[in-house]
Amino acid sequence: MTMSSIKIECVLRENCHCGESPVWEEASNSLLFVDIPAKKVCRWDSLSKQVQRVTLDAPVSSVALRQSGDYVATVGTKFCALNWEDQSAVVLATVDKEKKNNRFNDGKVDPAGRYFAGTMAEETAPAVLERRQGSLYSLFPDHHVEKYFDQVDISNGLDWSMDHKIFYYIDSLSYSVDAFDYDLQTGKISNRRSVYKLEKEEQIPDGMCIDVEGKLWVACYNGGRVIRLDPETGKRLQTVKLPVDKTTSCCFGGKDYSEMYVTCARDGLDSKGLLQQPEAGGIFKITGLGVKGIPPYPYTG
């Protein structure tokens, strides 16, 4: 593939304060995403180009498909079931009850239908927060929650290898993409190790997704790019730069999952930055990458 065949376009100028958690919903040809501080879950129909928005009562940091229909989301420190029609959220479980300043951040469903999501302390400014206040959790299909570890700064990008034997995870302020051995039957993780350390100009690792070749794509906050990594060699294979600095997450979607969608933020940009990046907070579509992604897994509870 030559780089020149890659096309990047802003398909939705949503002006998200902090857009995150893009998820493709094949059934409706739509992209789901959230705007964390605006407390919104949004659904963009790629055919009609219309956007529907549901506003919740706390910061909503991730959204996922649900096998029985509708969605699940992380809202404040709660795992919730989201009823799109009546715009209501039902609490399935609550975490970090003793940490009033915490909220969930990124989340994703594993291949067995468990909803993984981690927490962090609420920021005083982008990426400025009380350190090591977060933990990583998983909501099982029977609605019980397991905690994996704590001492997390900013719980972020997660995905699973194609054979489901490795769990990949980012704690943003460690500037590392980590891997764990993964037991799909039990949801247990072990043997944490770093598979990629970010370089200075790549800035802060944020959301992440995997492609069909088992390579990882990481959105780099403040770096204005997504990078493609080989987790086996620890090498960066590709850099795709975007016209906005605060790229937050990425997912594959569209026809055959051959398009990449990237979310970003405008919070933290000054007036000059906003003038230079008028599409900040929008949704970007990247075509011509020459590799496909996999459909998101639905929560089975």
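1. The lining of the largest pocket splits into 13 nonpolar, five polar and six charged residues. Here Ala, Val, Leu, Ile, Met, Phe, Trp, Tyr, Cys and Pro count as nonpolar, Asp, Glu, Lys and Arg as charged, and the others, Gly among them, as polar. Please keep in mind that this is a predicted model, where local features need pLDDT of at least 70, side-chain atom pairs count only at pLDDT 80 or more, and totals for chains, interfaces and linings use all residues. Residues are numbered from 1 along each chain as its sequence is written, and side-chain values use heavy atoms, without hydrogens and water.

2. That pocket holds about 410 Å³ of space and has 24 lining residues, with Cys18, Arg103, Glu123, Pro126 and Ala127 nearest its centre. Strands S10 (102-109) and S18 (204-210) are the elements giving two or more residues to this lining, and S18 has the largest share, with three. (A pocket is an open set of points on a 1 Å grid over the protein atoms alone where a 1.4 Å probe fits, with protein on both sides within 12 Å along at least five of seven lines; lining residues have an atom within 4 Å of a point. A volume is the space filled by probe spheres set on the points, which are joined across faces, edges and corners. Strands are DSSP runs of E, at least two residues, numbered from the N terminus.)

3. For the second largest pocket, the space is about 210 Å³. Of its 15 lining residues, Ala58, Val75, Gly76, Thr77 and Lys78 lie nearest the centre. S8 (78-83), S9 (88-94) and S10 each supply at least two residues.

How values were computed. Helix = DSSP H or I, 4+ residues; strand = E, 2+ residues; numbered from the N terminus.
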